[in-house]
Amino acid sequence: MLAMLAPWPFGGIRPPEPGSAEPGLGTGVLLGVVAHGLAVVAAVALGALAGRAVTRRVLPGVTVLVSGSILTIVLGLRDSIAPWLAPPVMSTARALGEGAVPAAGTLALLTGWTVLWCAAVLALYARLRRGRS
């Protein structure tokens, strides 16, 4: 609970500046829910690849989770060589952190990217799962 209050003294959470294009509290909360929703869907897909049904042992599962998390961040960097290999977690953070509410097309693009990435990962999961049973 205390960690939830930590950003307040450092100005991490503040109301929008008057006259700026920053979203209000309700819009900010809604965009936060969208960002978390996109991240959770990608995390579940990665977790499926790390499950015992695919990896059969704990160590390979942990390796998949750790390397997947690191690659999500590294491949999500602005100048990445292959950003399409990772879910759009970093792209979503950049789009929502610019201050103004992103365009509907940007949110639709990020949502489509997440859906396609998750579909590809879950297809890989299904193939690996079928091969291991």
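This is a predicted model: local features need pLDDT of at least 70, side-chain atom pairs count only at pLDDT 80 or more; totals for chains, interfaces and linings use all residues.
1. Residues are numbered from 1 along each chain as its sequence is written, and side-chain values use heavy atoms, with hydrogens and water left out.

2. The largest pocket holds about 640 Å³ of space. A pocket is an open set of points on a 1 Å grid over the protein atoms alone, where a 1.4 Å probe fits, with protein on both sides within 12 Å along at least five of seven lines; lining residues have an atom within 4 Å of a point. Its lining has 23 residues, with Arg14, Pro23, Gly24, Gly28 and Val29 nearest the centre.

3. Helix H2 (residues 25-49) supplies seven residues, the largest share of the lining of the largest pocket. Helices are DSSP runs (H or I, at least four residues), numbered from the N terminus.

4. The second largest pocket has a volume of about 190 Å³. Of its 13 lining residues, Leu46, Gly68, Leu71, Leu85 and Trp117 lie nearest the centre. H2, H4 (58-75) and H6 (104-132) are the elements that each give two or more residues to this lining, and H4 has the largest share, six residues.

5. Serine 91 lies in helix H5 (residues 89-96). Beyond neighbours within four places in sequence, serine 91 is in contact with Leu110 and Trp113 (heavy atoms within 4.5 Å).

Technical notes
Grid points are joined across faces, edges and corners, and a volume is the space filled by probe spheres set on the points.
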